[in-house]
Amino acid sequence: MSDKALVVLSGGQDSTTCLYWAIDRFGVDNVSSVTFDYGQRHRIELICASEVADFVGVPNVVLPIDTFSALGGDALTEPGIEVANATGRESGLPNTFVPGRNLIFLTFAAAYAYQRDIIHLVTGVAQTDYSGYPDCREETMQSLQATLRNGMESEIQIHTPLMHLSKKATVQLADALGALPAMAMTHTCYNGERPPCGTCPACELRAKGFAEAGVVDPLMLNS
Ligand SMILES: [Zn+2]
């Protein structure tokens with residue numbers, strides 16, 4: 001059975017931690033990464049993903065999915081929409097939720113993996129400490145894995161090493177895996193700012209995790 005792994009790398013803190021997790025588990029020669037250009041407003045994410053992959057020495061491919069920006073309606077792809085936690089929708093989800101994003105990402109990642117005899121997919125989704133995105137839940141990932149296995153007749157495995165970790169625990173894991181130097185190249189801010197704005201929900205969550213872990217965020221040292 002193949003020991004090759006494909007990491008969905010967004011250029012952020014969590015997927016970078018997952019990249020190190022995959023290297024630790026499968027070996028650097030067996031790991032590659034994929035980044036999706038889904039029309040995100042903040043193109044810096046794509047640059048960060050490429051820089052992180054180069055830094056750790058794994059191949060990175062960028063796959064285009066421009067349909068999400070055509071769908072519109074969320075703050076991550078539509079320039080006219082400001083990041084907001086309350087959108088007035090019954091679901092209570094913030095407007096940074098891009099419906100279907102992780103489902104599509106992992107489906108394309110699985111198809112890419114299938115063509116290369118890769119069965120391990122690694123994603124940084126987590127159901128703790130977050131904005132309650134339903135496509136980050138363990139239940140969603142388990143049912144998606146079952147669907148992909150059925151639909152592709154493959155042994156695909158979706159690994160979610162951060163699923164039950166708090167942000168603090170994620171920082172501690174990154175530290176243990178030696179991932180901190182790469183954190184200086186990552187991007188988290190919903191407003192696409194560098195140095196980070198410090199006030200958006202993503203910046204606040206990141207800062208809280210590092211503070212609670214008692215670790216200085218290398219990104220802030222560089223800023
Ligand atoms: Zn921010």
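**View 1. The loop between α5 (138–152) and β5, where Glu153 is found.** In this predicted model, Glu153 has a phi near 45°, which is a positive value in a residue other than glycine. Because Glu153 has 9 C-beta neighbours inside 10 Å, and a residue with 12 or fewer is classed as exposed, Glu153 counts as exposed.

**View 2. Asp117 in the loop between α4 and β4.** Asp117 is not a glycine, yet its phi is positive, at about 55°. With 10 C-beta neighbours inside 10 Å, Asp117 counts as exposed.

**View 3. The open sheet of five strands.** The strands follow the order β3-β2-β1-β4-β5, and their pairing is parallel. At the edges stand β3 and β5 (157–159), each with a single partner strand, so one side of each has no neighbour in the sheet. On average, and ignoring direction, neighbouring strands of this sheet are turned by 25° against each other. Within the sheet, strand β1 (residues 5–8) pairs with strand β4 (residues 120–122) in the parallel sense over three bridges, and Leu6 stands opposite Leu121 in β4. Helix α4 (residues 101–114) lies across β1, β2, β3, β4 and β5, and runs at about 155° to β1.

**View 4. Leu121 and the largest nonpolar core.** This core has 50 residues, of which Val7, Leu19, Ala22, Val52, Ala109 and Leu121 touch the most other members. The element that gives the most to this core is α1, with six residues. Leaving aside neighbours within four places in sequence, Leu121 is in contact with Leu6, Leu106, Ala109, Ala110, Ala113, Ile156, Gln157, Ile158 and His159.

**View 5. Helix α2 (residues 44–56) and its buried residues.** Helix α2 has 13 residues and reaches 18 Å from its first C-alpha to its last, close to the 18 Å expected at 1.5 Å a residue. The buried residues of α2 are Glu45, Cys48, Ala49, Val52, Ala53 and Val56. These residues cover an arc of only 130° around the axis, which puts them on the same side of α2. An α-helix has 3.6 residues a turn, so residues three or four places apart point the same way. The buried residues of α2 pack against α1 (13–26), β2 (31–37), β3 (60–64) and α7 (180–183). After α2 comes Gly57, whose phi is positive, near 85°.

**View 6. The cis peptide bond between Arg194 and Pro195.** Omega of the bond that joins Arg194 and Pro195 is about 0°, and Pro195 has its place in the loop between α7 and α8 (201–213).

Note on methods. Residues are numbered from 1 along each chain as its sequence is written. This is a predicted model: local features need pLDDT of at least 70, side-chain atom pairs count only at pLDDT 80 or more; totals for chains, interfaces and linings use all residues. Helices (H or I, at least four residues) and strands (E, at least two) are DSSP runs, numbered from the N terminus. The expected span of a helix is 1.5 Å times one less than its number of residues. A residue is buried if 20 or more other C-beta atoms lie within 10 Å of its own, exposed if 12 or fewer, and partly exposed in between; C-beta atoms are placed from the backbone. The arc is that of the directions from the helix axis to the C-beta atoms. Two residues are in contact if their C-beta atoms, placed from the backbone, lie within 7 Å. Two strands pair if DSSP finds at least two bridges between them. Axes are lines fitted to C-alpha atoms, for helices over the stretch in contact, and angles run from 0 to 180 degrees between N-to-C directions. A nonpolar core is a set of buried Ala, Val, Leu, Ile, Met, Phe, Trp, Tyr and Cys residues joined through C-beta atoms within 7 Å.
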